[in-house]
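Hi,

Here is the structure I promised to pass on. Have a look first, then read my notes below.

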Amino acid sequence: MTSLRRRLFALLLLATGVIWLSATAWIYVGSRSELEHVLDTRLQEAARMVHSLVSSGNMATAAAAPEFEEAGYARQLSCQIWSFDGRLLARSSGAPLESLAEEGEGFADHEVKGEIWRVYTIVDAHKGVRVAVGDRIGLRDRLVRDLVAGLIWPAVLIVPLLGILLWLSLGRGLGPLNAAAREIAARDGEDMQPIDSRNTPTEIRPLLAALNGLFEKVEAARRHERDITAFAAHELRTPLAGLKTQAQVALTAPNGPTRNAALQQIVVSVDRTTRLTRQLLALAKLEAMPERVQPSKVDTSGVLRDVIAACVTPAGIEVEIAPELEGLLLPGDVDTLHLVLRNLHENAVEHARSCVSWSILPGGYGIVVEDDGPGLPDEELPLITKRFYRGRHKSLSGSGLGLTIAEMASGRLGATLAFCSRADASGLRAVVRWKQ
């Protein structure tokens, strides 16, 4: 059942029916018990009345005394007066010829011609008689059934009316939800403003809050895409324009040195464009990845050697790898760890003056990279992993995405990335720490 209104209608109607039937069963059991008690009391009173008449010697009047009918039930109390020697001395007109009385005194159920009677007997030893007054159990059952039917038939007539009222009430109750749905349907694809939930019922506020959270996430994703697109267009425009200019210079250069210099600048522009494109693709790939990758043990020193071999190290820059890194196994996967190490290494090489060093974190559950570059003031350290932030020491080839990618990839590995200035206040220190 896909309709919430129909589902609630069915549940409410079913619950009402179950409650009504339960109440009817309860009333049936309770009414039957009370009715048995009342009718037994009537039998006892009638028997005592007959016995008092017998005691006064009016036998014929005593036998006829309990005869009466209740309207609609043709119910008649039957009376018999028996002597101790087994003779029927008197009986009411509706009483059977067979004995209703038992040997004992008090209440008893007795079967006469296949019909069960409820009988109350009084034994008078002084007069030598037994007075028995009884009525049919079947008539009692019919009285209870008619009582219950009187409760059920109104329910049969009222249930359709109740169903109509429930259907209309549910439609009115779900009105705020339908209004919110109409408001969302009327929006265009660019409207990501939150839905006002101040005047809505409490029950649908979590749904509207979830939708507003989704709108916020979609808007944030769109802003990121716009930022990346705008930045890519801006950053790619510069090297492409430089490529065209240097190509024109190379074509019109009158001598070899000028042509060679132009061709060298073309190579630099191509390298910068390639690095930017690679970083944009890596960023898109990371954003599409799950929050955590399936961990496995990775040889960190092997991945680091591949990274250093693939990167171009400028002349005069020395890369040092601590011996403790050899054979270090850390959780993650090769591709994601490669992203972390490559972007940290490129950033360190780009800003170093003479040396980049890789070492193991004390305790053995992380790695550290340091450079001897100009470093950063403390107020800039929290900003360097933001997208497109390049700091005050802007490089010609940097795009402001490398450390962003390194931080995101570290998170996918279940690690954290932190930066601080070196102890001698020269250069930057980056620490990738795994949770133990």
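S301 is found in helix α7 (helices are DSSP runs of H or I, at least four residues, and strands are runs of E, at least two, numbered from the N terminus). Keep in mind that this is a predicted model, where local features need pLDDT of at least 70 and side-chain atom pairs count only at pLDDT 80 or more, while totals for chains, interfaces and linings use all residues. Residues are numbered from 1 along each chain as its sequence is written, and side-chain values use heavy atoms, with hydrogens and water left out.

Is S301 buried or exposed? S301 is buried, at 4% relative accessible area (buried means under 20%, exposed over 50%, partly exposed in between, with a 1.4 Å probe and protein chains only). Leaving aside neighbours within four places in sequence, S301 is in contact with L325, E326, G327 and L328 (contact means heavy atoms within 4.5 Å). G327 is 26 residues away along the chain, yet its C-alpha atom is separated from that of S301 by 6.2 Å.

Now the largest nonpolar core: it has 38 residues, and L344, W358, I367 and F419 have the most contacts inside it (such a core is a set of buried Ala, Val, Leu, Ile, Met, Phe, Trp, Tyr and Cys residues joined through side-chain atoms within 4.5 Å). Helix α8 gives the most to this core, with seven residues. Apart from it lies another core of 14 residues, including V50 and I122.

Cheers
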